[in-house]
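User: I would like to go through this model with you, one element at a time. Could we begin with the strands and then turn to the fold as a whole?

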Amino acid sequence: MTSAAPHDLVVTQATLADWPVISGWAAAEGWNPGLSDGPAFFAQDPGGFFLGRIDGEPVSAVSVVNHGPDYAFLGCYLVRPELRGRGHGLTTWKTALAHAGNRTVGLDGVVAQQDNYRQSGFELAYRTVRFTGTAAAGEQVAGVRAAGPADLAALTAYDSACHPADRPRFLAAWLTAPGHRALVRAEGGRLTGYGVIRPGRDTLRIGPLFADTAADARALFAALTATAAGARVAIDVPEPNAAGVALAEAAGLRPSFETARMYTGPVRTYARERVFGVTTLELG
C-alpha cells in the first residue's frame, strides 16, 4: 500500500526494522515507549505500521493495527517537529486508516489532537491518566506467581475478557519479551488477574494490570514492584476505574500525562471494571 502526496511524500508499510525510528520519535514526545515493544506490536499485525518518506527519509508515522474482523487500534501518530503543518501527517493517517477497512477503530489520543480526532469521526469513551512516581518497597503476596507457558491459554482467555478484541499473537509475544516480567494471581486454580512490568525509556511501565477485584489488583501491583523499589514506575489508569486511581495514588504515584480513549463506532462488551492499567497506549 502506497500513497503519494504533495512535497513528494510517499507512504508505505513499515517493517520491524523501522521501529527504532518510530519509537525514537515517540520517546522524544515523552511517551516513554517500552524497550522491547516492537516485536510484540508487529506480531499482532505486521502490516499495520506506516511511514511517510521524502526522498527516502522518514518524516511521519502512524499505526493501524487490526485486532480481528471488527476492531483495529490506531497509534504512533507522529510527524518530525520541523516538518509539521504541511499535510504529511494527514496523508499518512488517511493511507494507514484504509488498512482498517470497515472495522471500528480505537485510539488513545493526546490532548492536543483530540479535536482533530473528533473531526475524523472518533468519539470520547473515557479519559486515561498516566500515574508516575517512585516505587516503594513491594512484597510478594500469597497467590501471586510468575506466569509460565502452562498459563498461556488461561491468560489469553482472561485477556480477551478485558479487551475489545482477542489478541493471542500479541499476548504470546508480550508475556515473553526481553525484560518483561509477567505475574498471575490465582485462587482455587482459577485466574483472578495478571500484570506485566517492563523497562521503558524513562521509567518502568506497568501494563496491563487486569484483575477481578481491587484486592487482586493491589496484590499484583505489590508483587510487580517488589523488585523495583526506588525506581520510577508508570501506569496508565482508565479514569472511570476509581479503584485503579485509588491504587495508584495510594502507591504515591501522581498524574503526569493524560489521553482520551476514543472510538469510531461500537466495540464488543468487555470487563472494563477489571482494567486497572492499560496494556499500552499504542495498541490499547
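User: Is strand E3 (residues 49-54) mostly covered or mostly open, and how many of its residues are buried?

Analyst: This is a predicted model, so what follows describes the prediction. In it, strand E3 is mostly covered, with six of its six residues buried.

User: Which residues lie on each side of E3?

Analyst: Phe-49, Leu-51 and Arg-53 are on one side, and Phe-50, Gly-52 and Ile-54 are on the other.

User: Which sense does the pairing of E2 and E3 take, and over how many bridges?

Analyst: Strand E2 (residues 9-13) pairs with E3 in the antiparallel sense, over five bridges. Within that pairing, Leu-9 has Ile-54 of E3 as its bridge partner.

User: And what about E3 and E4: how many bridges are there?

Analyst: Six bridges pair E3 with strand E4 (residues 57-66), again in the antiparallel sense. Phe-50 stands opposite Val-62 of E4.

User: Changing topic: how many helices and strands does the protein have?

Analyst: There are eight helices and 14 strands. The radius of gyration is 18 Å, close to the 19 Å given by the globule rule for 284 residues, so the protein is as compact as a globular protein of that length. The C-alpha trace spans about 60 × 35 × 30 Å along its principal axes.

User: What does the surface look like in terms of area and charge?

Analyst: The protein exposes about 11600 Å², and carbon and sulfur atoms supply 54% of that area. It carries 25 positive and 26 negative side chains, with the centres of the two sets 2 Å apart.

User: Now helix H7, please. Why is it described as largely enclosed?

Analyst: H7 (residues 214-224) has eight of its eleven residues buried, so it is largely enclosed by the rest of the structure. Among the buried ones are Asp-216, Leu-220, Phe-221 and Leu-224.

User: What do the buried residues of H7 pack against?

Analyst: Their partners are strands E8 (144-146), E9 (181-187), E10 (190-199), E11 (204-211) and E14 (275-277), together with helix H8 (242-250).

User: How do E8 and E9 pair, and how many bridges join E9 to E10?

Analyst: E8 and E9 are antiparallel over three bridges, and Ala-146 has Leu-183 of E9 as its bridge partner. E9 and E10 also run antiparallel, joined by seven bridges. There, the partner of Ala-186 is Leu-191 in E10. The hairpin of E9 and E10 has two residues between the strands, and Gly-188 takes a positive phi near 60° in it.

User: How far is Pro-266 from Thr-104 in sequence and in space?

Analyst: Pro-266 and Thr-104 are 162 residues apart in sequence, and 6.6 Å apart in space from C-alpha to C-alpha.

Terms used. Residues numbered from 1 in each chain as written. Predicted model: local features only at pLDDT ≥ 70, side-chain atom pairs only at ≥ 80, totals over all residues. Heavy atoms only, no water. Buried < 20%, exposed > 50% of the residue type's maximum accessible area, 1.4 Å probe, protein only. Helix = DSSP H or I, 4+ residues; strand = E, 2+ residues; numbered from the N terminus. Pairing = 2+ DSSP bridges. Rg over C-alpha atoms; globule rule 2.2 N^0.38 Å. Areas by Shrake-Rupley, 256 points an atom, 1.4 Å probe, with all protein chains shown as cover. Lys, Arg positive; Asp, Glu negative; His and termini not counted. Charge placed at Lys NZ, Arg CZ, Asp CG, Glu CD. Contact = heavy atoms within 4.5 Å.
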